[in-house]
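Please check each of them against the view on your own screen.

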Amino acid sequence: MSEPLTISFQGAARTVTGSRHLIRCGSRRVLFDCGLYQGRRDEAERINRTFDFEPGELDAAVVSHAHLDHTGNLPTLVARGYRGAVHATPATAELCGVLLPDSAFLMERDVEHVNRHRHHGEPQRTPLYSPADVDRTLERLVNHGYHDTWTLFENVRVTYLDAGHILGSAFTLIDVESEGRRLRLGMSGDVGRAGRPILRDPESASGVDVLVMECTYGDREHPAAAETVRQLGEVVERTLGRGGRVLIPAFAVGRTQELVATLHDLMSRKIVREAPIYVDSPMAWRATQAYRHHPECFDDATRRAFEERDGEPFGFDRLHYVVTVEQSRALNERRAPCIVIAASGMCEGGRILHHLQHGLPEARNTVLFVGFQAEGTLGRRLRDGMSPVNIFGEPIERRAEVVALDGFSAHADQRELLAWVAMLKPAPRAIYLVHGEPGPAEALAGRLRERFPSEVRIPRRGEEFSLWN
Ligand code: ZN
């Protein structure tokens, strides 16, 4: 008899947020990812504060990549008694050092705001975790490079492969041996896309028995990458040509660096005229430092540029980082055409708000959306054509052009997910779909069942399965 080997899905089950999977190998317990559940405040609080296991009894934590829906609840785990290592790629560890402190800062600010406006008799709220909890978490990070197999426990070995999703993102292989039996578990993390700038393409592996796979876009196909780049060039050239500025709300990690690389390429090929690109986000600057420190994650073209440009693949001559608030304000006084990339991606806060306040009333400008805009956000209202919109409590008339490009996703679409599974030879015996709403999960499950002999399941939160067949 082999030792029990199970997985229970504690988060990102039939939803796209709060990734958290508990793997039991005999008496050992490993938590794979510990993401923040993001949603309505009360529900998110409850989910993020509840663990169906004792954090102090966990033996290890392994994370796939630095996005907060995969790592953002690690500080809660540590605050609640977890004392083991947090395994990550070196780039993921560095990005955690950028994203987790920011997450703690935003939580403290949110709690202050809610407490200030609470009704008489309502209890004071406390943040989910503090900057000190983040420091204690970052101390626990242990780095492992891609393709470097390490021993988690005496009968469990782990290897990170490239997932092509964000800097440092990994497809994780967990090899278990017990009483002469072997099993290879593949944890997809978030699956990236082939042919994107900067990062290498998602890697494949052989002999995966059981695959746990994300399915965020399991029911959709993204527009072709070349078409998205063509549209980007057209919008930017049109705006610069009429003397306007292009305002791009973008997430500071990943999207910003990809946009900069793409715009640089368009200008070098003279598809877009020369204009300064301002990246107005201290966090984007820190994230870009992390990119500079990890050329081991780059694709060949970016690595060549890195070497030829003396370690400056993002420090192109036309690129300017805006760090201080004064520099950010001064940017609004400039009249010459330019491109401004600033956070937040959905215009819910951050410096993009100042740029919108100044830029929206002028018809020569363009607001360019390159990411998802959730219901209820300012980004969504602008995308839906609303005018005027409220910014800092004032109605602002929109005359600027608004354009939304959908092809910049860092997640594989249905076709790309199917192609990725097809590369895992032979097909996994079982596939568990996580990190997707029920619609996309069902659609992808149907397509997987048509093409592969695998048993495909869409687990519910808290469901546990034995991994041995
Ligand atoms: Zn992600």
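1. Strand β3, helix α1 (residues 41-49) and strand β4 together make a right-handed β-α-β unit, where right-handed means that, with the strands pointing away from the viewer, the path from the first strand over the helix to the second runs clockwise. Helices (H or I, at least four residues) and strands (E, at least two) are DSSP runs, numbered from the N terminus. The model is a predicted one, in which local features need pLDDT of at least 70 and side-chain atom pairs count only at pLDDT 80 or more, while totals for chains, interfaces and linings use all residues. Residues are numbered from 1 along each chain as its sequence is written, and side-chain values use heavy atoms, with hydrogens and water left out.

2. Within this unit, β3 and β4 (residues 60-62) run parallel and are joined by three bridges; two strands are taken to pair if DSSP finds at least two bridges between them. L31 has A61 in β4 as its bridge partner.

3. Strand β3 (residues 28-32) also runs antiparallel to β2 (residues 20-25), and five bridges join these two strands. R24 stands opposite R29 of β3. The hairpin of β2 and β3 has two residues between the strands, and G26 there takes a positive phi near 60°.

4. T6 has its place in strand β1 and is buried, with a relative accessible area of 13% (buried means under 20%, exposed over 50% and partly exposed in between, with a 1.4 Å probe and protein chains only). Leaving aside residues up to four places away in sequence, T6 touches L22, I23, R24, E464, F465, S466 and L467, contact meaning heavy atoms within 4.5 Å. The side chains of T6 and E464 are joined by a polar contact of 2.8 Å, that is, a pair of N or O atoms within 3.5 Å of which, within protein, one must be able to donate a hydrogen and the other to accept it, residues adjacent in sequence counting only if both atoms are side-chain atoms.

5. Rings of Phe, Tyr and Trp (its six-membered ring) pair if their centres lie within 6.5 Å, with planes under 30 degrees apart called stacked, over 60 edge-to-face and the rest tilted; by this rule there are six aromatic pairs. F9 and Y432 form a tilted pair, 5.4 Å centre to centre with 40° between the planes. Because F9 lies in β1 (residues 5-11) and Y432 in β20 (residues 430-434), this pair ties together parts that are 423 residues apart in sequence. F9 counts as buried at 0% relative accessibility, and Y432 counts as buried at 3%. Ring pairs link F9, Y432 and F465 into a cluster.
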